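Reader: Please take one part of this structure and go through it closely. I want cut-offs with every term.

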Number of protein chains: 2
Amino acid sequence: MNYQIDFEPVGRRVQVQQGSTLLQAARDAGVGLAAICGGAGTCGRCRVQVRSGQVSPPTSAELDVLDADDLAEGYRLACQVAVYDNLKVHIPPASLTTPQRLQVEGRELPVSPAPPVSAHTVRLDPPSLTDVRSDEMRLRAALPFPDVSVDVAVLRQMPPIMRRHDWVATVGLRRPGGVVSIHPPGTALLGLAVDLGTTKIAAYLVDLASGQTLTVAGRMNPQIAYGEDVMARISYAMASPAQAEELQRVVSQTLNDLLRDLCAQAGREPEDVVEAVVVGNTAMHHLFVGLPVRQLGLAPYVAAVSEALDVKARDVGLEIAAGGYVHLLPNIAGFVGADHVAMLLATGIYKADHVVIGLDIGTNTEVALRTGERLLTCSTASGPAFEGAHIRDGMRAAAGAIERVWLSDDRLEYQTIEGAPPVGLCGSGILDAIAALRRAGILDKRGMLTDHPRVRRGQNGPECVIVEAAETGHGRDLVLTRQDVGEIQLAKGAMRAGMKILLREAGLSEDDVDEVVIAGAFGTYIDVRSAVDIGMFPPLPERRFRQVGNAAGIGAKMALVSTEHRALAVEVAHSAEYVELTNIPAFQEEFARAMLLP
Amino acid sequence: MNYQIDFEPVGRRVQVQQGSTLLQAARDAGVGLAAICGGAGTCGRCRVQVRSGQVSPPTSAELDVLDADDLAEGYRLACQVAVYDNLKVHIPPASLTTPQRLQVEGRELPVSPAPPVSAHTVRLDPPSLTDVRSDEMRLRAALPFPDVSVDVAVLRQMPPIMRRHDWVATVGLRRPGGVVSIHPPGTALLGLAVDLGTTKIAAYLVDLASGQTLTVAGRMNPQIAYGEDVMARISYAMASPAQAEELQRVVSQTLNDLLRDLCAQAGREPEDVVEAVVVGNTAMHHLFVGLPVRQLGLAPYVAAVSEALDVKARDVGLEIAAGGYVHLLPNIAGFVGADHVAMLLATGIYKADHVVIGLDIGTNTEVALRTGERLLTCSTASGPAFEGAHIRDGMRAAAGAIERVWLSDDRLEYQTIEGAPPVGLCGSGILDAIAALRRAGILDKRGMLTDHPRVRRGQNGPECVIVEAAETGHGRDLVLTRQDVGEIQLAKGAMRAGMKILLREAGLSEDDVDEVVIAGAFGTYIDVRSAVDIGMFPPLPERRFRQVGNAAGIGAKMALVSTEHRALAVEVAHSAEYVELTNIPAFQEEFARAMLLP
């Protein structure tokens, strides 16, 4: 007998024979479940939540790994569950292999589309020798509001379009802004949402009327060539106006490349895109808009602009419809930008009535604390270590990257992306490795490598071999050095100290936290247990953590299709209380303490 | 005993001895009065109007030239008037030598300045570690209306300007448009008015608060290289978008050159210029704004845009303050443009309660008829002959150009610009020459050269020698050919026919015309009597003609400094009834008749 298994949120369905395991079902469905132990029930990585249908009772392997609350909520190990019913199964991001995680993001938004630009079909009277009114006057006569402003780019495009299409056209009418675009009749208007990260850029092509995401694409931020972190790029831009313009130009060029790719995939034209929303941290926001960043790089680190901003796309070199606008969500402070606002909007943290910490982990990590009433934010410098940079054998999440490390009877087990021979460690693998080494006693509290057969003296001090040369893809040992551990200690220490300071400002402690929402690509990859083990996150039950993927991108899409959510974003930014950590004397002490490995 | 003579509108004052002639006084004052006969009282060219003070009684020479009405209004010949009192003397443009005519234009405008952009001084609180608001929020707090929009260019310039000037700055606040510019504190804001002619460009740098013109400059329209007349340029632009862009670019480059020159002369910077007004015919308007012109070049000759237009200067490549606007006055029809609206505004024709014809003589000539109630307009193609082009020995009004020709006892007398040896004829000289040759019977009614000792057969048919080689600056005969006369006949015939058709449409005749207002550089140079003699203008008393110089430029300046006059310009354009001459069957007949020389 066959049963039907629905995997969510990846949206895969499969028919399996009675008695198959859920792990087998996932493999049949092409869902990449983490399963280091190969289905032996020992690694505990293939954790899933059965949301409907009857399943076999928990095995002893599961009882070792899952507590009573977990089981009550339907959490099981996929390798241990035998199928005896039609099931609906939810897979937490942490249980997916790395490359599959970013596919989790929903293509449907939890908002009713009410975009600022709407399509209007206009039918004009053609001119004649006895009616020589201008094209513009004909258009005004056909519009619902004749006094509306018409962008000069539309005036330029209108005469040929009207004559080519027998005096019928679709115009994009924006409030505020007037007529921003003109198209052949019947054109469905598109929007572009962009999450402009320090390292990565994610872009979404969206149908404005339905709110549906048509295509998605990502690129590295080309500004990396001018400096890995925000401060390095601010320094570069400060050197001369020409250098600042260069940073602006390379980003807008990359956005135009993405735009063309997205449109080509969807069989559409960049001219059909009439509105864009771009979110990024304050420095990325400023560099993209062409705003000066000197004052962002020097105390007291003030933004040139923090309010929401509408700029003509052509004024920032973005090649959507010539009269279209780019909307930029508000920034909260010099280092808490519009991307964080977008994340708070997308996750609903801004209106939560319980205690929530929101983390946007990236080269800078923004921390928000919603107390149920107040919304506090701060920013900590985490650097690029989480992306695998500044780590001896670090690499980005690509084939052959070690994404999971696991201690099994004192042996280090690992899993690579696509199962390829290991060639480096990506961020989640590094966290796992540190957690495992600490558990094995190879790392001490201070992050020092202890005397152990795996530990040796390398070129730059002590290092621990993770995978020996014989097993690697390039024939060299893969190691974790004392310095690598130190980079992670600095990054995670700053993050944890930021959380503690915000809680203290609100008169709360870590135990009061009902939920920790982790956003950003890296935050989606990591194993929350490892992050708790190394003291990056507070020691809360695993189910209080929620990994939400690129919430900033989703927030950008919500703002793209909903003017109501633009207004909400403004409220979020205004209501947020920014805490400048360098003003808080206790921060240094918390930071020092948080660098320790528990 | 000495008396004081004030010459207006040139604004010169001089002390002269009792008994001196007014011609002598004018020479002493550096005022270039036309006086072909050298003060003998025979040429009648040094006509002036004595507006206050006692003078000698009219001489017999004056009684030959001036009628009773003229004398009653104070008109005299300057060479015949002896000074016995302090005098105020008005010099009509026609009595000035050519190069001095354009200097006549008033530097003060007959409007109270109320420009759309006003200067506001803002004093901001500097940021500190406890006040990290963005620069933009500080600015909004210091503005009278915090909700006003702030141009992105201002946001880009604000941080360095504020920090360099201790948080005090002057901003340009525009209604509508918000904050369009930011400057060091105390900067006086400037405006740029441009009359964008098919052949010539005149530009004026104006202090916006006082309305005073600071500097004036002119250039040839660089589009001449792509076609002398409007139709040739439309054809060039129609060939490809790249060619249309080229026409736009060369004009904006020339305007930027003019802008830099004007600012350098005034000791100011282009960034201080926060608003521009550009007027031109509909084709020049469209090519400058980058609007398509194909539909202007094909029947029914429809404008893309006819309403008044505000565009960001950066969107048309004009390098004034980065956030500044260019305002374009409304067009009336495909061939009656914003320059004609500006002329109607500057001269007050639009509101006259008597019958006035307004002429804007150029490569195209626009004709307006104000009946006291209605305002009718049409356009006629006059071609570049009036500028001296397409005329065998034609030249522009420069040193050595024959600007006046006069028949004295069957001898042709002439006067050149700056008294240099003659090298060609400029427009006014050509008209004079045709009038003189017709009077001498050398030209017949149809414009044919008769059998006469001065007439010979040249390379391209009959020609009449105006100055023999021995007297010229280049040692060649200066001639007027049958073809030259034909060019002028076509141009003046179209103009006169246009006037007649408008009068007929209004149920009036030429005798009903109380005033003929002649605008444009060429219209200022010409001798009205010659123009009447050749049938270009109706045979009305000379005092009914008023030569007003570059009224379009003055109208542009009025619109630059007065929002009220922008609104008036819209009313003028809306109230004007455009008459398409090609729709009027009687036009061809009138045209044929008007080509004859009376």
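Author: **A sheet and the helix across it**

Strand β18 (residues 401-408) of chain B pairs with β19(B) in the antiparallel sense, over 6 bridges. Two strands pair if DSSP finds at least two bridges between them. Strands are DSSP runs of E, at least two residues long; helices are runs of H or I, at least four residues long; both are numbered from the N terminus. This is a predicted model: local features need pLDDT of at least 70, side-chain atom pairs count only at pLDDT 80 or more, and totals for chains, interfaces and linings use all residues. Residues are numbered from 1 along each chain as its sequence is written, while chains are lettered from A and ligands numbered from 1 in the order in which they are written.

Now the helix. Contact means C-beta atoms, placed from the backbone, within 7 Å.

The length of α12(B) checks out: at 1.5 Å a residue, its 13 residues should span 18 Å, and the end C-alpha atoms are 18 Å apart, which agrees. The expected span is 1.5 Å times one less than the number of residues.

α12(B) is mostly covered, with 12 of its 13 residues buried. Among them are I430(B), L431(B), I434(B) and L437(B), and also D432(B) and R438(B). Buried means 20 or more other C-beta atoms within 10 Å of a residue's own, exposed means 12 or fewer, and partly exposed lies in between; C-beta atoms are placed from the backbone. Just after α12(B), G441(B) takes a positive phi of about 80°.

Last, the chain contact. In chain B, 35 residues are in contact with 35 residues of chain A. α6(B) gives the most to the side of chain B that touches chain A, with 6 residues. By class, that side has 21 nonpolar, 7 polar and 7 charged residues. Ala, Val, Leu, Ile, Met, Phe, Trp, Tyr, Cys and Pro count as nonpolar, Asp, Glu, Lys and Arg as charged, and the others, Gly among them, as polar.

Conventions: Two residues are in contact if their C-beta atoms, placed from the backbone, lie within 7 Å.
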